[in-house]
Amino acid sequence: MREMKDSGVEWVGEIPVEWRTARMRFLSKITTGSKDTVDRNDEGAYPFYVRSPKIEKIDSYSFDGEAVLMAGDGVGAGKVFHYVNTKFDFHQRVYCFYEFDKILGKFCYYFLNENFKKEMERGSYKATVDSIRLPMILDFEVTLPDLTTQKKILEYIELKTSEVDRGIAEIEESIERLIEYKKSIITEAVTKGLDKFALMKDSGIEWIGDIPKGWIVSPLKNLGEAIIGLTYSPEDISEEGVLVLRSSNIQQGKLSFEDNVYVTKEIPEKLMVKKEDILICSRNGSKDLIGKSVLIGDDLENSSFGTFMTIFRGEFNKFISYVFLSEIFDYHVESFLTSTVNQLTSGNLNNIKITIPTDKNEQQQIADYLDKKCEKIDSILQDKKNLIAKLKEYKQSLIYEYVTGKKEVPAGGVA
């Protein structure tokens, strides 16, 4: 068993006796970029590192070589890191660590990525976590062994984390297949029904084909009403009042309440959501979000919905809510979005043609069937997502334990 000593760093605790502690100012040079987000170019030849995890493109480069980059402000401050060894450019509020001394660049990346947030959580820094100042970085303490040991740790970490990443990738692929399977079940049920022996007729829509004889093809405008959401200003937002549902409240066909907005203003009755309204994201910065929807339950009847959202309100919404989760709706939404139009207008929504049984009992039977099938699939999906979360936690724990010396690379190393 290795002999340990106190590192002098509260959140690190003990380290091996042969390790040392050094402030970041003595381990690398640190600078910031000169570019702003508006300088990005989607067709640019070089990676452009901004304050978010997404790597943009740009026409220029101001650095060529090995570096560790960290977001200096915004929601990613001290949380978004990149290891780079190429030509790149970077934002004026992104810190660049380079010309490493007594620490390998990749070891620095892992140590900062796993541990800098712990420094931010200290009481004296809590007021500045949205903007990282240079003195905080310069005084940040790093625990490290000699370069040979760092190299062994890096080889071992990358071997083990690559195994975890492969496992995560396989689970993510299985999730995608399960989501596609769920959508195919929904599409089959809302276009062909449940009776495999039902008499069929031509729907008149080539890509849908035949539908049960007792069904009709109808534009949504004949089945209900599309209502555009509430317009409000920053002055209307409060910590309490009327909940305004937005696209961030729709997660995987269900409602989430982790990112709520409340307003204090008089709201017309028509813009208050009702049970079995269908909430649809009709405009957003990302095309991937447009068209996602959820059926409203009776526990939200005192809520409203934002201007980037649309409510579809009709008599057959339980069935129609599943149509909105099917390939039919995906097909229509994709056809409406172009390079110049990034929204699902109420006019386009109203003109979407769907297949629907004329018998309400049949509608209900299909909805009940899909409730049960989707509940089982959603349960499996959640289990897989929980497993991914645990693997990510294990990966973080593994990196932390080896870059702080809590664990020693086995004698066999990566062999």
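Modeller: In this predicted model, the charged end of lysine 106 sits over the ring of tyrosine 83, at 4.6 Å from the ring centre. Tryptophan 215 belongs to strand 13 (residues 215-219) and phenylalanine 319 to helix 4 (residues 317-323), so their pairing ties together parts that lie 104 residues apart in sequence. Tryptophan 215 is buried, with a relative accessible area of 1%, and phenylalanine 319 is buried with a relative accessible area of 1%.

The rings of phenylalanine 324 and phenylalanine 329 have their centres 4.4 Å apart and their planes at 25 degrees, so this pair is stacked. Phenylalanine 324 is buried at 3% relative accessible area, and phenylalanine 329 counts as buried at 1%. Elsewhere, ring pairs join Tyr49, Phe63, Phe88, Phe90 and Tyr98 into a cluster.

Phenylalanine 324 also leads us to the largest nonpolar core, which has 42 residues, and in which Ile320, Phe324 and Leu349 are the residues with the most contacts. Among the elements that give two or more residues to this core are helix 3 (147-192), helix 4 and helix 5 (327-336), and the largest share, 9 residues, comes from helix 3. Leaving aside residues up to four places away in sequence, phenylalanine 324 touches Leu220, Ile278, Ile280, Ser293, Phe312, Phe329 and Leu349. Apart from this core lies another, of 41 residues, including Val68, Met120, Phe140 and Leu154.

Phenylalanine 329, the stacking partner of phenylalanine 324, brings us to helix 5, where Ile328, Phe329, His332, Val333 and Phe336 are buried. Seen down the axis of helix 5, these buried residues fall within an arc of 125 degrees, so they line one face of the helix. Finally, at the start of helix 5, a side-chain oxygen of serine 326 comes to within 3.2 Å of the backbone nitrogen of isoleucine 328.

How values were computed:
Residues are numbered from 1 along each chain as its sequence is written. This is a predicted model: local features need pLDDT of at least 70, side-chain atom pairs count only at pLDDT 80 or more; totals for chains, interfaces and linings use all residues. Side-chain values use heavy atoms; hydrogens and water are left out. Helices (H or I, at least four residues) and strands (E, at least two) are DSSP runs, numbered from the N terminus. Buried means under 20% relative accessible area, exposed over 50%, partly exposed in between (1.4 Å probe, protein chains only). Rings of Phe, Tyr and Trp (its six-membered ring) pair if their centres lie within 6.5 Å; planes under 30 degrees apart count as stacked, over 60 as edge-to-face and the rest as tilted. A charge sits over a ring if NZ of Lys or CZ of Arg is within 6 Å of the ring centre and within 35 degrees of the ring normal. A nonpolar core is a set of buried Ala, Val, Leu, Ile, Met, Phe, Trp, Tyr and Cys residues joined through side-chain atoms within 4.5 Å. Contact means heavy atoms within 4.5 Å. The arc is that of the directions from the helix axis to the C-beta atoms. A polar contact is a pair of N or O atoms within 3.5 Å; within protein, one must be able to donate a hydrogen and the other to accept it, and residues adjacent in sequence count only if both atoms are side-chain atoms.
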